[in-house]
Structures are given as structure tokens and as C-alpha cells.
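Work through the exercises below with the model open. Try each task before reading its solution.

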Amino acid sequence: MKLLYILLTCTLLFGAQPNALINSHSPYLLQHAHNPVSWYPWSQKALQKAKMENKLIFLSIGYSTCHWCHVMAKESFENQEVAKLLNADYISIKVDKEQMPHIDTHFQNLLVNLKDERRGWPLNAILTPNQEVIYITTYIPATDNYGVEGMKTLLPKMAQLWKKNKEQISQIVATNQKILKTKKVVHKSTIQKDKIASAYVNLMKKRFDKIYKGFDKDPKFPLPTHLQTLLNIYQLEGDKEAFSMVKQSLEAMSYGGIYDQVEGGFYRYSVYADWTIPHFEKMLYTQAELISLYTKFYILFPKERYKGIVLDTIKETERRFGYEGLYFSATNADSKKGEGRYFVYTFDEVKNAFIKAHIKNYEELMDYLDITEIGNFKDEFSNVQLNTGFDKAPNHLQRALQILKQIRKSREFPFTDKKILTGWNSLMIKSLFIASYFDQNLKHKAEQSLKILLKKVYIRGALYHGFYYNQAPVNKALLEDYVYLVDLLQTAYMYTYNKAYLQLSGYLLKQTLQKFYKNKKFYLDDTDFKAEASYLDKYYVSPLSRLFHVLLTQANLTYDLKLLAKTRGFLKDQRDTILQHPDKHPEAIRALIRSSQKDVIVKSNKHNLTKKQNDILGLQYPFILRTTQMTDKYLACDEKTCFAIDKKFENIVKYIKQYKESNDTAF
């Protein structure tokens with residue numbers, strides 16, 4: 001009787017029996033499992049059904065913590081009228097972009113190339129049964145709005161076109177193919193080898209926001225790979241403009257609303273150019289890449305604020321994302337009371353809390369924290385950011401932040417997507433190794449997490465894309481999983497000098513090339529779909545661009561000259577493609593520069609390298625690797641020979657400086 005009551009309640013609440021998504025391992029797909037739409041997960045079964053029934057495919061791609069995905073779900077996918085249109089004339093397919101990033105990347109690239117629209121979610125497309133795009137966009141309203149056709153207009157219109165005018169459909173497909181063919185043409189680059197860095201800097205200067213810092217207008221993303229490339233260029237060439245863009249951007253983000261000033265951690269992006277109001281979701285990859293970047297910047301230019309940001313971000317990531325040594329993928333922006341409501345404050349609630357705590361300078365503190373009567377968000381709510389107009393922080397700031405933290409404790413924290421992704425976990429664990437510059441306990445933590453990750457996703461010689469926290473892994477690994485894991489293993493070796501990590505990275509790297517490099521092209525997946533990889537650093541680093549770095553690292557740590565030559569061959573072949581849009585391919589640009597400048601490998605015994613680790617990390621030359629050799633001396637080597645040997649590390653530093661200067665002349 002109790003079971004019958006539960007089933008009846010679910011039917012009344014959701015208005016439909018579960019669809020084919022009900023058996024999914026994805027939280028995002030499960031969010032749509034009770035829609036009245038007859039959804040299918042992306043599968044050969046669904047694609048074959050479209051062909052057999054000669055129906056159009058309605059493809060919708062999103063993820064569980066996506067705000068506008070939820071908006072569209074409520075407006076359209078829970079709407080009986082829209083569902084009726086979809087169920088009558090379409091095979092409807094849902095994709096979790098985090099579970100299948102190769103599918104998402106393929107269609108996002110089509111969106112950009114066919115419509116010149118910014119990438120985003122939800123992504124919605126109408127395809128022929130042969131998966132040819134005839135319509136593609138992001139969010140679609142349920143009804144016509146602001147000159148945009150809504151689902152109730154678009155769906156029957158396209159269905160009728162398919163049934164009555166196949167010739168027009170063929171023309172749309174042919175036009176799209178022509179556009180894509182034109183976009184794929186690669187022109188020979190005129191940028192000389194010694195001008196790549198300056199060309200990149202000049203392009204980024206055009207995108208730099210001189211008023212609010214960072215790049216582009218709004219929405220504004222942190223773009224850590226851009227900042228890392230600019231920082232490396234400064235280290236190599238002393239380019240003050242490159243350095244200034246990095247410093248000002250990191251500073252602006254650290255004081256702005258994109259950083260959670262109360263609990264720590266970075267939101268995914270800022271809605272406005274001035275960094276005030278973020279989109280409040282937090283992604284694991286955002287934390288990982290910014291932890292690494294702020295640490296590296298601190299090593300070169302120490303500032304206690306940056307150290308605090310790194311350690312607080314790690315602490316908050318452990319608290320909200322951590323699970324048995326690994327990390328969940330994301331937390332949502334929304335809670336039941338609305339977007340961002342867990343994170344923002346009203347003027348009165350903060351004022352009353354500060355007065356109750358007998359904080360006499362509460363007005364000054366509220367001004368510093370930008371908590372105002374009219375609010376800086378919506379409905380008189382304020383998101384905390386730090387007022388840079390103050391000469392110094394007001395008294396009792398830490399006490400005030402603790403009170404704000406206490407206020408949040410009474411609120412419901414947003415939904416957490418409990419997928420544990422191999423690639424994203426690899427990025428995060430690597431950042432812990434890097435942040436061990438501040439605390440050696442983080443190195444131990446990172447190594448333990450790496451061992452747990454391998455145990456969970458590397459099973460009987462097969463690597464998996466990840467798993468939902470209480471389930472076994474299902475999907476085989478993609479290019480990003482292999483590349484980021486190899487990167488992590490190489491990093492782990494250079495912090496622990498355990499050769500097993502280096503051996504495993506070499507083995508997985510060979511598998512990477514075997515699986516994802518076919519007919520002189522790199523692919524994101526090793527399935528029948530075959531999504532072509534690109535050099536575009538989107539919301540996190542391009543796995544293809546990072547692949548060149550791990551190839552260079554493996555070759556130079558093991559003195560594998562064949563692998564080094566092969567990597568240089570890849571870079572030579574891909575040079576024109578990379579330089580087609582230098583400001584969109586920062587990690588690949590960094591690989592071209594690195595290959596030209598060459599790595600420096602510091603060698604000594606494990607004791608010496610461990611003792612001098614932070615000193616080695618502080619060297620101005622950006623492309624330095626570390627590996628063990630049975631000697632009590634220090635050696636500095638390039639990819640062919642050792643150019644310095646000395647018992648005193650201080651002398652090695654001088655030799656590396658001389659090497660850098662000679663390279664600068666050549667570069």
C-alpha cells in the first residue's frame with residue numbers, strides 16, 4: 001500500500017510515468033526522467049529509432065547545475081503542450097555534457113560555426129535522422145518572445161517542413177556543410193617563430209578590459225589558461241604589459257564578487273564586466289585551475305592575500321566537493337528560494353547581526369563588503385565583494401566574515417552534482433601538489449587522492465571517464481581523462497620521485513596516441529562518434545593543447561628523443577591551425593613557445609631535489625622539470641645534454657639564468 005501511494009504521488013507530481021532516462025547514472029538526465037517528454041539518452045538505440053521511424057531528432061544538451069537548463073525544463077520540458085509536440089514528431093535525446101563532453105563539444109562547435117553564437121547551455125538542436133543539423137541554438141522559450149520563435153512555434157514548423165518539403169531540408173543541410181567546409185580552411189600563418197609571443201600579447205591587449213580588468217566584457221570568465229600563458233611570456237621576455245594584465249586580473253578577481261569572500265572558492269563566471277555579480281554555480285575545474293594559477297603567481301610575486309585565497313579555496317572545495325578523497329563535479333547556483341539565495345544577503349539581516357555582535361564599526365564594514373540597502377544583485381540582495389577604495393581593511397573584518405558565514409548555516413545549500421570525473425579530479429589533485437608550496441601536508445593529501453582515483457577509475461587496464469559517487473564506472477575514458485591523468489602522474493612524479501608514476505604516465509600516453517590519433521587527426525573520443533579535438537581553451541584547458549605539454553614532459557623526463565621528435569612533428573603539422581586564432585588557443589600557443597625555448601631539467605638525488613623544491617619552483621624560467629639522478633651534485637640539462645653541474649644549487653641558478661638569456665637571443 002505504501003509503495004502504491006509513493007507511485008501515485010510521483011505520477012501526480014510529475015504528470016508522467018518515467019521515461020527512458022530513469023536508468024541513467026547522470027543526475028542531469030535523472031532530473032528529466034519524469035518529464036512528459038519521451039526522452040532517450042544518447043545511444044545507438046535512440047539514433048536508430050529516428051531512422052526507422054523517419055523522424056527528426058530534437059537534441060538537448062545541458063548539465064545538472066545549469067541555471068538556464070532548469071529554466072527551460074520548467075517552461076518547456078515539463079509543459080504538456082510542448083511535450084505533445086515533441087512526442088508526436090521527434091525522437092527527443094538528452095545529453096549530460098559532463099558525461100559526454102565529446103558530444104557537447106561537437107555540437108557547440110557547430111553552433112559557433114553555423115550561427116556565430118556564443119557557446120552555452122542548454123544547447124538545443126534539430127537534426128535529421130542522419131544527425132545533420134537543420135536548426136541549432138541555446139535556450140529556446142516556450143512561446144515566441146522578443147522576436148525569437150518559441151518551442152510551440154518552432155517544433156510544428158520544422159516537423160511540417162520535414163514532412164512536406166524535404167527539398168528545403170536538403171538545401172539547409174547543403175548550406176550548412178558549405179559553411180563548415182569554409183570555416184575548416186586553414187591559412188598559412190605569417191607569424192614568425194620569434195613573434196608568436198608578441199602576436200599573442202597584442203591580441204590579448206585588445207581584449208583586455210582596462211577599466212575592470214580581465215578579458216572581454218560580459219559575461220566575463222576567469223580564463224586561467226590565458227593568464228598562465230601571459231605569465232610565462234613575462235618570465236621569458238620580461239614583457240611588462242603581459243605581466244600587468246595578469247596581475248591586474250588576479251587582483252580584480254580576488255577582491256570581486258566572482259570570488260566567494262565569505263567561504264572561499266570561485267564561481268564559474270561573472271555576469272557583469274565589473275566582477276560584481278557572478279553566476280553562483282561553482283565548478284571543480286574552476287577551483288583547480290585557479291588554485292594552480294594563484295599559487296604560481298604567488299611563488300614569483302608573494303602576497304599573503306593570494307596565499308589565503310589558495311588555502312581557503314582548497315578548504316571550501318574539500319568541504320563542498322570532497323568525497324572519500326575525491327571530488328564531485330559542481331554545485332548549483334540555485335536553491336529553493338531562488339538563484340544565488342544561499343550566497344547573498346539583505347542589508348537589514350547583516351546590520352542586525354553585526355549590531356547584535358556589538359560590532360561598533362558595522363557601517364564601515366558593510367560599506368567595505370558592498371552590502372547596501374538597495375543591493376547589488378536583485379530584490380535588495382547583495383553579493384559580497386571588497387571595496388578597493390579603502391586604504392586598508394576595516395577592523396573586525398574577520399569577525400564580520402564569520403558572522404556572514406554563520407548566517408549561511410541556517411540556509412539550504414544548493415544541489416551538488418555527485419559525479420566524480422576522472423579528468424576534473426586529475427586537474428584538482430594536480431593543483432594540490434602545486435599548492436603544497438604552502439603546506440607539505442597537501443602533497444600527502446594529493447598522493448593519497450591520486451591512489452584512490454586510480455583504484456576507482458583504472459580497472460583491469462581500462463580507464464573510465466568517471467562514476468556517480470555510489471555506483472561503478474560505466475563510460476570509457478575520453479581524451480581529456482587520459483591527458484589530465486597523465487599530466488597528474490607526471491606532476492606526482494616531480495613531487496614524490498616515485499618512478500612508478502612516470503612509468504604509468506608513459507604507458508597511458510602511448511594508449512592516448514593509439515586511441516585518439518587517427519589519420520593525422522586528434523579526436524576527443526574513441527567511439528563511433530569521433531568528435532574532432534580542437535585547440536580552443538573554453539571553460540577549462542583544451543585536452544589537445546595540454547597533450548602537447550605532457551608529450552614534451554614525458555620525452556624530456558625520460559630522454560626519449562623519438563617521442564620528442566614526434567611531438568615536434570605534431571606541433572609543426574598543427575602550427576598554422578593553432579596560429580589561426582592565437583588568442584583562442586593560449587595553451588597551444590604556450591606549447592609552441594615551450595618547444596621553441598626548450599625545457600630545462602634539474603637533476604639530483606631525491607633528498608637534494610626535495611630540499612630545494614621550492615627554490616626550483618621559484619626560478620624565473622617557466623619550463624623547468626625535475627628528475628632524480630644518483631649524485632649529490634645538481635645538474636641543469638636541456639633535451640640533449642647537461643650544460644651545468646655543481647654541488648651548490650646557487651651556482652646552478654646562475655647557469656640557468658645564463659641559459660635563459662642565450663635562449664632569449666635565439667627566440
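## Exercise 1: two helices, α11 and α13

Helix α11 (residues 240-255) packs against helix α13 (residues 304-321) at an angle of about 60°, with the axes 11 Å apart. The model is predicted: local features need pLDDT of at least 70, side-chain atom pairs count only at pLDDT 80 or more, and totals for chains, interfaces and linings use all residues. Residues are numbered from 1 along each chain as its sequence is written, and side-chain values use heavy atoms, with hydrogens and water left out.

**Task.** Classify the orientation of α11 to α13, then describe the contact.

**Solution.** 

1. Helices (H or I, at least four residues) and strands (E, at least two) are DSSP runs, numbered from the N terminus. Axes are lines fitted to C-alpha atoms, for helices over the stretch in contact, and angles run from 0 to 180 degrees between N-to-C directions.
2. Apply the classes to the angle of about 60°. It makes α11 oblique to α13. (Under 35 degrees is roughly parallel, over 145 roughly antiparallel, 65 to 115 roughly perpendicular, and the rest oblique.)
3. The crossing of α11 and α13 is left-handed, meaning that the near helix is turned anticlockwise from the far one by less than a right angle; clockwise would be right-handed.
4. List the contact residues (heavy atoms within 4.5 Å). From α11 come Lys247, Glu251, Ser254 and Tyr255; from α13 come Arg305, Tyr306 and Ile309.
5. Sort them by class. The contact of α11 with α13 has three nonpolar, one polar and three charged residues. (Nonpolar: Ala, Val, Leu, Ile, Met, Phe, Trp, Tyr, Cys and Pro; charged: Asp, Glu, Lys and Arg; polar: the others, Gly among them.)

## Exercise 2: a second pair, α20 and α21

**Task.** Repeat the analysis for helix α20 (residues 499-516) and helix α21 (residues 543-558).

**Solution.** 

1. Read off the geometry. The axes of α20 and α21 come within 11 Å and cross at roughly 135°.
2. Classify. That angle makes α20 oblique to α21.
3. α20 passes α21 in a left-handed crossing.
4. List the contact. α20 supplies Leu502, Ser505, Gly506, Leu509, Thr512 and Leu513. α21 supplies Leu547, Val550, Leu551, Gln554, Leu557 and Thr558.
5. Sort by class. The contact of α20 with α21 counts seven nonpolar, five polar and no charged residues.

## Exercise 3: the surroundings of Tyr298

**Task.** Is Tyr298 buried or exposed? Which residues does Tyr298 contact, leaving aside neighbours within four places in sequence?

**Solution.** 

1. Locate the residue. Tyr298 sits in helix α12 (residues 284-300).
2. Check accessibility. Tyr298 has a relative accessible area of 10%, so it is buried. (Buried is under 20%, exposed over 50%, partly exposed in between, with a 1.4 Å probe and protein chains only.)
3. Collect contacts. With those neighbours set aside, Tyr298 touches Lys303, Glu304, Tyr306, Lys307, Tyr437 and Phe438.

## Exercise 4: the disulfides

**Task.** How many disulfides does the structure hold, and what pattern do they follow?

**Solution.** 

1. Count. The structure holds two disulfides, each a pair of cysteine sulfur atoms within 2.5 Å.
2. Take Cys66 and Cys69. Their sulfur atoms are 2.3 Å apart. The link is right-handed, with 80° about the S-S bond. Cys66 is buried at 4% relative accessibility, and Cys69 is buried at 2%.
3. Take Cys637 and Cys642. Their sulfur atoms are 2.0 Å apart. This link is right-handed, with 80° about the S-S bond. Cys637 is buried at 0%, whereas Cys642 is partly exposed at 34%.
4. State the pattern. Counting bonded cysteines along the chain gives 1-2, 3-4.

## Exercise 5: backbone exceptions

**Solution.** 

1. Recall the background. Most residues other than glycine have a negative phi, and most peptide bonds are trans.
2. Trp121 to Pro122 is cis, with omega near 0°; Pro122 lies in the loop between α6 (101-115) and β4 (123-127). Asp218 to Pro219 is cis, with omega near -5°; Pro219 lies in the loop between α9 (196-207) and α10 (224-237).
3. Check phi. Asn54 has a phi near 55°, positive in a residue other than glycine. Asn54 is in the loop between α3 (44-53) and β2 (56-62) and is partly exposed at 41%.
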